[in-house]
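Thanks for coming. I have one model to go through today, and I will keep to the local details. Please have the sequence and the coordinates open.

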Amino acid sequence: MTDPEIDYRAIYNRLPAGIALLSPDLRFIDANEAYLHLSGRSLADLLGHHIFEVFPDSPHRGRAGNGPTSLGASLRNVLATKERDTLALQRYDVERLDRPGTYDERYWSTINTPILDAAGEVVLIAHRVEEVTDFMRTGAAEHGGDSKLRAELYMRASELQELNQRMRKAHAREREVALALQAALLPAPRPVGHRAAVRYQPAVSALNVCGDWYDLVDLPGDCIAVAVGDVVGHGLAAACVMGQLRSALSAAARVTGGPAEALDALGLYARSVDGAESTTVVNAFIDWADRSITYSNAGHLPAALLHTDGSVEFLDRATDPPLGARPHHQPRPQATVGFDTGAALVLYTDGLVERRGEDIDVGLTRLATTLASRPASDPETMADALLSELIPSTGATDDTALVVLRL
């Protein structure tokens, strides 16, 4: 027996709630019959037009409340966070088509929901509205409460909306502080000069500042230590944990005999730091004298070694669980690989290669292909190319830390 073909257009049009589909620049893409009925507009009146062009702010803002301002903040929040945003009951007056400049008093319950593509980017916003004007005008009396109940409902809705706006501002402020802290804690590539390029690119979401970091340490002889790590979690707390772990690993690299010992010391320290559990790190010691890379990996994505012949090797022979993943401490493994002068080493965090709904091997293949196409690029050019070619034009959904070393 074959399942009947589902007519989603028919379902969409029969839904009792008014639903319009908005593009990321807030222009109408579609609207169902209920939305057209509630708005008093035809589909031709809407398509391609900006929502605030079709439904402008009332000139009587003082009496009409702040409906357009609240709706605009909600839609921007959906685009930034990729999360659904529910507005408290709002007064949003609508201009009459038969009497331009005249606005009817209208009350609405609104939910804005992001629709994401395979890469996790917002491609549409489902703008759902239900009108409660009749209840606000007459429903209170029918429920035995006259105008006092209506006033109470509207006041509580206004209080909820104000709280919602405060939360958005608090999240935005936390992101600013976390980014400033992260920038202050991440070092410039002074130890290796022109041989290295470093990048840190935050996620586009206002709530997704993460604990990604990189570090470069000058060692005795013609050697350096390089590391990239990623703290689980988001926001200011993750940035603070990142700072502690980066500093601890930087110190450990200077006094231990290799990357595995440095990660052993970091793992012991991480057990005393709240929020450090499950942090991933890859750490490599580079010796230019004998042209070797010794590395150890605590649950992180493998470093990529671009050989002079254009082939790419992922360094995955010394991979162990993330920090704090084992109940008891165990020494970590390490491995060594040689390189020819002119090769390049790339360390990165998951924002560069991971995409929602996509196998990680696809992202690693994409990285290898990009590297192989630029075997002779200097580190700065290569770092810029990796960010521009691998991160979506709309921005990454996760932070990206990146180190490119010319060997």
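Before the first residue, a word on naming: helices (H or I, at least four residues) and strands (E, at least two) are DSSP runs, numbered from the N terminus. The model is predicted, so local features need pLDDT of at least 70 and side-chain atom pairs count only at pLDDT 80 or more, while totals for chains, interfaces and linings use all residues. Residues are numbered from 1 along each chain as its sequence is written, and side-chain values use heavy atoms, with hydrogens and water left out.

I start with backbone angles. Most residues other than glycine have a negative phi. S278 is not a glycine, yet its phi is positive, about 70°. S278 sits in the loop between α10 (259–270) and β11 (280–287). For accessibility, buried means under 20% relative accessible area, exposed over 50%, and partly exposed in between, with a 1.4 Å probe and protein chains only. S278 has 36% relative accessibility and therefore counts as partly exposed. R291 is also not a glycine and has a positive phi of about 50°. Its place is the loop between β11 and β12 (292–298). At 40% relative accessibility, R291 counts as partly exposed.

Next, strand β1, residues 18–22. How many of its residues are buried? Five of the five are, so the strand is mostly covered. In a regular strand the side chains alternate between the two faces of the sheet. Here G18, A20 and L22 point one way from β1, I19 and L21 point the other way, and all are buried.

For pairing, the rule is that DSSP finds at least two bridges between two strands. β1 pairs with strand β7 (residues 122–131) in the antiparallel sense, over five bridges. β1 also pairs antiparallel with strand β2 (residues 28–31), over three bridges.

G48 is in the loop between α3 (43–46) and α4 (51–54), and is partly exposed, with a relative accessible area of 45%. Leaving out residues up to four places away in sequence, G48 touches R27 and F28, where contact means heavy atoms within 4.5 Å.

Rings of Phe, Tyr and Trp (its six-membered ring) pair if their centres lie within 6.5 Å; planes under 30 degrees apart count as stacked, over 60 as edge-to-face, and the rest as tilted. How many aromatic pairs does a search of the whole structure find? The search finds two. In one, the rings of F28 and Y35 have centres 6.0 Å apart and planes at 55°, so that pair is tilted. The pair of F28 and F55 is edge-to-face, at 6.3 Å centre to centre and 75° between the planes. F28 lies in strand β2 and F55 in the loop between α4 and α5 (61–64), so this pair ties together parts that are 27 residues apart in sequence. F28 and Y35 are buried, and F55 is buried as well. F28, Y35 and F55 form one aromatic cluster.

That is the end of the list.
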